[in-house]
Amino acid sequence: MLFNSIEFVIFFIVVTTLYFLLEHKYRWFLLLAASCYFYMAFVPVYILILGFTIVIDYYAGIIIEQSTGKKRKSWLIVSLFANIGVLAVFKYYNFLNDNLSFLLSRAGRENPIPYLKILLPIGLSFHTFQAMSYTIEVYRGNQKAERNFGIYALYVMFYPQLVAGPIERPQNLLFQFYKKHSFDIDRIFNGLKLMLWGFFKKLVVADRLATYVNAAYNYPENHSGLTLIVATIFFAFQIYCDFSGYSDIAIGAARVMGFDLMKNFNRPYFSSTVSEFWKRWHISLSTWFKDYLYISLGGNRVSVPRIYINLFIVFLVSGLWHGANWTYVIWGGLNGLYLVAAIMRDKLLAKYKLEIPGAQTWAGKSFSILFTFLLICFSWIFFRAANVDVAFQIIRKMAKLEGPLYTTYPTMFFCLLSMVMLLVVEVKQEYFNGAFSFMNNRSPVVRYSTYLFLLLMILLMGVFDGGQFIYFQF
Amino acid sequence: MVFFRKILILVVLLLAVDFLAGAVLKHFYFRQKSGIDYQTIYSVEKANEDILFFGSSRAAHHYVPDIFADKYAMSAYNTGRDGNYILYGYCLAKCIFERHQPKLAIIDVSRNEFQRKEGSYDYLSSLLPFYGNYESIRDIIDKRSRFEPVKLFFHTYPYNSLFPVIALNVIREKSKALNIKGYIPLYRSIDRPAKVISKEPDYELDPYLVDTFRQFIKKCKENGIAVAVVCSPYFDKYEQEDATLIKVKEICSEESVTFLDYSQDARFTGNQKKFDDYNHLNNDAAKEYSAICSDTLRILQHKIN
């Protein structure tokens, strides 16, 4: 079930109403049943895969907690193996087989291994990572094993964040299922406002920009370098609004029922370094990789060259997490390179006690933000392109800058208008947070006018036939 | 109680604003003087020509009404619209036939037109402003999505994404396209050689689209309108017959309707000078094609009048 559908609006109203009508002790069951229904609206049979990992992780958690030494470790490995195994089969099997076919064809041989004709279960990487964080935290002793199977299943399947995060940690979410949430009007309105802003970002900005981006990126051979540059910048905003819009709706929907999910985005395009960008973009995944991979590789306690290698590995894995395609690996590798280069630069500057002239001025900071944005945009080319060849074809075309800019009046008008509205809000939040507030203004006239304006914009400019969220495929 | 009062206020305000904005948009939508929507408005509400062309952009760019008008000594209008296919054409026909019966209806069909694919009814959004006034097309428009009638509860929904276009077309005078009776000329020549496509992926036919096509023909016949089905030329060379065209041929044969297949006509296919892009003839070629097509179709003349 897509958040941007009438089905979801009905589902949300029904589930939330029942949630507050039910006694506290039955609420977890309602949420679990609702989450199963939500997930089964995509491909029903895939709930069995989810069920398989839930059962293994549930028992693994209890056994890990009760045992010591090798047994403890081996059950962690069982759990990780089950989760990564599911990912490997459903997400990476055909990719690996593709590469094997390519290598064998170079040697003039045919690949005897058959391909699997399977669809990737929606949001597999998200709930797999959330499940893995549970067993790792139990193993590390930071989380008690959950004894109630239903509550543990709900931790993995909680519908607002089931298919595209935020990827929660057990310490933050599990205990909330035991807390009694009262009907708090302020909190409910807070959640609804966040959902409204999320819908605006998805329907008005992301899906609108997608019409231009898809036209250019699906047929790059028919478009000029200038068009592809504009499409890449638009894609940067599209993917941001698509994913952060989803996160806002998820966090808002959970908040309405009394749950606090972690913040996933913090206006990432205002970052002045790539390192800062990764602290503001998909925070739940960045911190997951930091907590469970980077630190496991040695963190900052190893030699400087090893830190560089570890960072690079983390970003390569992050790229692969996003999709089984070399484009994602290059995207991750590029971001890893940016980060390593930035650390090396900072170390050199510190060593020779140098400062970049004007770096702290308004102009210097603006330049840093713009430069970081352009670096990120460059990496998005690989993220969006259908394959590596197409990505390089696009880059070559961009370098030539030949040909006219593809514009159709309404498309360009809506794209620019939606981006301006987004930027007005984000600039205000970033630099003038204490200043005039629209949604939280003390005057009900301003508040209600803002709600109505956003709703009207969604009705007038929203793309209602838009597709699913980009991150669902991961 | 406070919560429900707040929600109620918001809902009432939203409905009021939606009603007002919808009324303003409706007012200006039907007062457009140019543009693609004007052509739809004209087709639905005013078209009274003897010969009407139905189809997608390929119809809009391939049939020059003046040439047909000269050959038949009748008036002609091209209702073809970019990105709109058989469902759009059938809806237009239903609306038009309620008040006017042309003498000849020419339906242009495309390769893959009846392919079952996700979102293939989305283009019917171009007819949403007519949903309220034309009951006969509601069941077709409702196919867009399960909750289409719910969405249409909002008065602004039919005009979604249209306000900048409406604003422009209310001010802008009649376009050149309109002056040539719905035909939209293209002037470039394609800059790549034709591809030889030996095999295209197989696809499943959408039974609803196939049935609509059959209903379209029946509707014409019920109203005493002569009907011809045509597939206009393609630039690329297809070595395999298309499933849609096979089905079209079959239905035309069953319904005793003329089907002319120019999709691989050697006078056009593969000729870079005659195509604006891989799907559309340019203006000179469209005139040539219209002359050829109208000559061939004259065999139908005995059915007219």
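Student: How many salt bridges are there between chain B and chain A?

Tutor: One looks for a side-chain nitrogen of Lys or Arg within 4 Å of a carboxyl oxygen of Asp or Glu. In this predicted model, the count between chain B and chain A is one salt bridge, formed by B:R146 with A:E7, whose closest N and O atoms are 3.2 Å apart.

Student: Which element gives the largest share of the side of chain B that touches chain A?

Tutor: That is α1(B), with 12 residues; the elements that give two or more residues to this side are α1 (2-29) and α8 (163-171) of chain B. By class, this side of chain B has 18 nonpolar, three polar and six charged residues.

Student: What area do chain B and chain A bury between them?

Tutor: They bury about 2,500 Å², of which 78% is on carbon and sulfur atoms. B:F3, B:L10 and B:F163 supply 22% of the area that chain B buries against chain A, more than any other three residues.

Student: Turning to the helix, how many residues of α6 of chain A are buried?

Tutor: Taking buried as under 20% relative accessible area, eight of the nine residues of α6(A), residues 149-157, are buried, including A:I151, A:Y152 and A:L154. The buried residues pack against α2, α3, α5 and α7 of chain A.

Student: Which residue caps the N-terminal end of α6(A)?

Tutor: The cap is A:N148, which places a side-chain oxygen 2.9 Å from the backbone nitrogen of A:G150.

Conventions
Residues are numbered from 1 along each chain as its sequence is written. Chains are lettered from A and ligands numbered from 1 in the order in which they are written. This is a predicted model: local features need pLDDT of at least 70, side-chain atom pairs count only at pLDDT 80 or more; totals for chains, interfaces and linings use all residues. Side-chain values use heavy atoms; hydrogens and water are left out. Buried area is the accessible area (1.4 Å probe) that two parts lose on being put together, summed over both. Helices (H or I, at least four residues) and strands (E, at least two) are DSSP runs, numbered from the N terminus. Ala, Val, Leu, Ile, Met, Phe, Trp, Tyr, Cys and Pro count as nonpolar, Asp, Glu, Lys and Arg as charged, and the others, Gly among them, as polar. Buried means under 20% relative accessible area, exposed over 50%, partly exposed in between (1.4 Å probe, protein chains only). Contact means heavy atoms within 4.5 Å. A polar contact is a pair of N or O atoms within 3.5 Å; within protein, one must be able to donate a hydrogen and the other to accept it, and residues adjacent in sequence count only if both atoms are side-chain atoms.
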